[in-house]
Amino acid sequence: MTVPSLADAKLFYECFGLDVRPEGQYLALYTAGHPHRWALLSEGGRKRLHYLSFGAFADDLPRFRERLSALNVDRLPPPPGFESNGLWFRDHEGTPIEIRVAEKSSPNDKSIFSVVTSGPAARGAIARRTAPATRPRRLAHVLLYTRDVARAVEFYSKILGLRLSDSSEGNVAFMHGVHGSDHHLVAFGRSGGPGLHHCSWDVGSIQDVGLGAMQMANKGFVAGWGVGRHVLGSNYFHYVRDPWGSYAEYSADMDYVPADADWEAVEHPGEDSSYLWGPTPPPDFGHNYEAEG
């Protein structure tokens, strides 16, 4: 992703609980104890999603190459300065996509979700001064803007092999991977153009979600939405607005689709497309600031 200020990005994501590392002219986003690099940030005139990279097993890469050829999807060279062992092309909105050989970085089972309570005659909450920092465990998913949600689902299922989990009235759709996956790795929201709405980061409890919201508010990042619970995916959430009008989400207890599960995709009414409970979203929560310039 390109952002207007790497200094602002470093402050925001470090406050959020990520491990932010300089890598050449870029900033790389890692999570505590996980070797995978989840995102790479460069500095530019305005915020823009630059590309998405998907990992694949080595023996699947020739199949992807054949699929791209069979469907007449034009191949691209890697962006200047990027090393790649994979395939590059554009999605239906023109966003560059990479499929590269990589180890599986998503979980093979549902992530551990902790619920801590106390018995009679015991204090259940800790003191604020002793509250630990929330440190996300991994990137959970991204939600992309698209002009045509149905076309996005068709492209990402036909070309990348993702599967539809749930959708609602042509406004939003959620897709999972076939090798064991959270309810969604990628989601799509309808807008007047492409862009990134939010990146979502997995944490281990509703306590972590709430503490994350507080640690960001204490650093001055008070704009956002939450705490609440989604219907589609079932996760608890809190979104924090970043300096460029998109969001970073703390997410806990997402539904999980095992590799051998036959998950039934359902078309849901609009009332279930956003949240089960929580505060009313900000009026501009779904506004695509990336499409304006």
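User: What makes strand E2 (residues 19–23) and strand E3 (residues 26–30) a pair?

Analyst: Two strands pair if DSSP finds at least two bridges between them. E2 and E3 are joined by five bridges in the antiparallel sense, so they count as a pair. Asp 19 stands opposite Tyr 30 in E3. The hairpin of E2 and E3 has two residues between the strands, and Gly 24 takes a positive phi near 65 degrees there. The names are assigned from DSSP runs numbered from the N terminus: a strand is a run of E with at least two residues, a helix a run of H or I with at least four. This is a predicted model, in which local features need pLDDT of at least 70 and side-chain atom pairs count only at pLDDT 80 or more, while totals for chains, interfaces and linings use all residues. Residues are numbered from 1 along each chain as its sequence is written, and side-chain values use heavy atoms, without hydrogens and water.

User: How do you know which strands are the edges of the open sheet?

Analyst: Nine strands form that sheet, in the order E14-E15-E16-E13-E8-E12-E10-E9-E18, with mixed pairing. Strand E14 (224–229) and strand E18 (266–267) each pair on one side only, and they are the edge strands. Inside the sheet, E8 (residues 138–146) and E12 (residues 186–190) run parallel and are joined by five bridges. Val 142 stands opposite Val 186 in E12.

User: What makes helix H3 (residues 149–158) count as packed on the sheet?

Analyst: H3 touches E8, strand E9 (163–168), strand E10 (172–176) and E12, where contact means heavy atoms within 4.5 Å. The direction of H3 makes about 10 degrees with that of E10; axes are lines fitted to C-alpha atoms, for helices over the stretch in contact, and angles run from 0 to 180 degrees between N-to-C directions.

User: Why are the buried residues of H2 placed on the same side of the helix?

Analyst: The buried residues of H2 (residues 61–70) are Leu 61, Phe 64 and Leu 68. They cover an arc of only 55 degrees around the axis, and therefore lie on the same side of H2; the arc is taken from the directions from the helix axis to the C-beta atoms. These buried residues pack against strand E5 (52–56), strand E6 (87–90) and strand E7 (96–101). The face turned away from the buried side carries the exposed residues Glu 66, Ser 69 and Ala 70.

User: How do you know that the bond between Gly 226 and Val 227 is cis or trans?

Analyst: Omega is about 0 degrees, and the peptide bond that joins Gly 226 and Val 227 is cis. Val 227 belongs to strand E14.

Note on methods
Buried < 20%, exposed > 50% of the residue type's maximum accessible area, 1.4 Å probe, protein only.
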